[in-house]
Amino acid sequence: MIEKCKNCGGKLFFSPKDKGVKCANCASVFPIKYNYNFTKKPFEQNVEPKVDKLASSLKSIKCKNCGANIMLNKQQIQAKCPYCGSTTLIETKTGKLMYIDSLIPFAMTKEEAIAKFKANLLKKFYANKRVFAKFKEEDVVGAYINAFVFDLIADCSYAGVLSYTVEHRDKEGRTQTITKYKDVAGIHNKRINNLTIESDSYLTQGDMMQILPFDYASAVTFEDDFLQGYVMEYKDRLFNDCFANAERIVKRIVQREILQKYNCQDVVTLTINVSYPKKEYNYCLLPVYFFNSTYKNKHYRVLLNGQTGKFGKFPKDGLRIFLTALFASVLIVGIIFLIWFLV
Ligand SMILES: [Zn+2]
Ligand SMILES: [Zn+2]
């Protein structure tokens with residue numbers, strides 16, 4: 001890692017446009033080598049190797065408010081928790097770190113992210129604009145979240161009962177919905193690439209899925225210079241727990257495909273046994289901007305994919321939704337009256 005600007009000693013930060021680290025003081029740029037690589041490795045190959053070199057250049061911080069674990073460069077100062085905005089941060093001992101295979105660099109600066117956020121907030125009719133009325137630049141944090149990205153071949157054998165419905169017209173001409181059943185059994189093989197599983201317990205899989213997918217074609221071999229100016233999430237979910245989560249998702253996908261195969265809508269019972277002739281992974285850092293706000297003592301957060309620019313969910317404006325629904329129903333009642341009056 002380049003610790004300080006070689007020309008003036010100033011603080012450095014990663015600059016997506018310059019493909020390097022840039023000095024905050026004299027704007028000198030020091031390029032980083034982009035070694036495009038997203039190789040997966042088999043499970044047997046060192047599931048959790050430790051790297052102490054990286055750990056020694058980082059410090060760990062824990063948020064007393066929300067419990068998030070954050071990794072920072074030694075020189076970096078973080079005043080607020082990127083997740084909850086709390087200032088009650090304490091420095092903790094940096095343990096051994098998991099070997100990081102790859103990283104997707106941020107593709108947009110914080111300024112670009114903020115401009116995008118403001119434009120999006122205006123566009124979203126139901127977004128609660130009051131929540132972000134006092135939004136400031138320091139409420140945005142760029143963080144590398146970490147994930148296991150799996151390539152899996154799932155060989156599945158299944159057996160069970162599925163159901164579907166048919167419309168039936170009886171003698172009096174009334175339509176009835178009848179549920180019918182199908183016994184099914186067979187083999188279903190599925191190949192899944194880049195199944196991305198969040199490995200920090202602070203963000204849920206659901207949170208992360210809001211901003212998927214990432215484009216892994218631009219993943220590079222991990223270099224700690226990419227972290228300059230950003231924070232890094234700290235993996236605290238075990239590899240096996242993450243894989244168990246991946247397996248649940250695989251079963252959900254396979255179940256959906258089996259239903260489609262038989263033109264059925266629901267599962268009555270279905271047992272799926274899966275074996276994996278191929279299972280490989282890459283432990284990867286992913287760029288995310290967090291937009292935080294505290295409004296009426298409640299914390300709100302919107303996520304932005306720092307590579308593709310895809311936003312997660314915005315907090316909804318309940319009053320706006322209610323008023324729109326009210327207006328719509330008044331309108332409908334009005335139209336009914338009008339038709340009734342005219343006819
Ligand atoms: Zn400089
Ligand atoms: Zn926090």
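Q: Why is Thr-269 called exposed?
A: Thr-269 has 8 other C-beta atoms within 10 Å. A residue is buried if 20 or more other C-beta atoms lie within 10 Å of its own, exposed if 12 or fewer, and partly exposed in between, with C-beta atoms placed from the backbone. Thr-269 therefore counts as exposed.

Q: What kind of model is this, and how are its parts numbered and lettered?
A: This is a predicted model, in which local features need pLDDT of at least 70 and side-chain atom pairs count only at pLDDT 80 or more, while totals for chains, interfaces and linings use all residues. Residues are numbered from 1 along each chain as its sequence is written, and chains are lettered from A and ligands numbered from 1 in the order in which they are written.

Q: Where is Thr-269 placed, and with which residues is Thr-269 in contact, leaving aside its neighbours within four places in sequence?
A: Thr-269 lies in strand S15, where a strand is a DSSP run of E with at least two residues, a helix is a run of H or I with at least four, and both are numbered from the N terminus. Two residues are in contact if their C-beta atoms, placed from the backbone, lie within 7 Å. By that rule, and with neighbours within four places in sequence left aside, Thr-269 is in contact with Gly-160 and Val-161. Gly-186 is 83 residues from Thr-269 in sequence and 14 Å from Thr-269 in space, C-alpha to C-alpha.

Q: Why is Lys-19 called partly exposed, and what is said of its phi?
A: Lys-19 has 13 other C-beta atoms within 10 Å, and is therefore partly exposed. Its phi is near 50 degrees, a positive value in a residue other than glycine, and its place is in the loop between S1 and S2.

Q: Why does Asn-263 count as exposed?
A: Asn-263 has 9 C-beta neighbours inside 10 Å, so Asn-263 counts as exposed. Asn-263 sits in the loop between H4 and S15, and its phi is positive, near 55 degrees, in a residue other than glycine.

Q: How do you know that S1 and S2 pair?
A: Two strands pair if DSSP finds at least two bridges between them. Strand S1 (residues 12-15) and strand S2 (residues 20-23) run antiparallel and are joined by 4 bridges. In one of these pairings, Phe-13 has Lys-22 of S2 as its bridge partner. The two strands form a hairpin with 4 residues between them.

Q: What joins S2 to S3, and what order do the strands of the open sheet have?
A: S2 is joined by 3 bridges to strand S3 (residues 29-31), and these two run antiparallel. Lys-22 stands opposite Val-29 in S3, and Val-21 stands opposite Phe-30 in S3. In the hairpin of S2 and S3, with 5 residues between the strands, Ala-27 has a positive phi near 65 degrees. The open sheet of 3 strands has the order S1-S2-S3, with antiparallel pairing. S1 and S3 are the edge strands, each pairing on one side only.

Q: How do you know that S15 and S16 pair?
A: S15 and strand S16 (residues 298-305) share 8 bridges in the antiparallel sense. Thr-294 has His-299 in S16 as its bridge partner. Their hairpin has 2 residues between the strands, and there Lys-296 takes a positive phi near 50 degrees.

Q: What makes the reach of helix H4 close to the expected one?
A: The expected span of a helix is 1.5 Å times one less than its number of residues. H4 (residues 239-261) has 23 residues and reaches 33 Å from its first C-alpha to its last, close to the 33 Å expected.

Q: Which residues of H4 are buried, and what covers them?
A: The buried residues of H4 are Cys-242, Phe-243, Ala-246, Val-250, Val-254 and Ile-258. Their cover includes strand S11 (140-169), strand S12 (175-198) and strand S15 (266-295).

Q: How does the radius of gyration of the protein chain stand against that of a compact globule?
A: The radius of gyration is taken over C-alpha atoms, and the globule rule is 2.2 Å times the number of residues to the power 0.38. A compact globule of 343 residues would have a value near 20 Å, but the protein chain has 25 Å.
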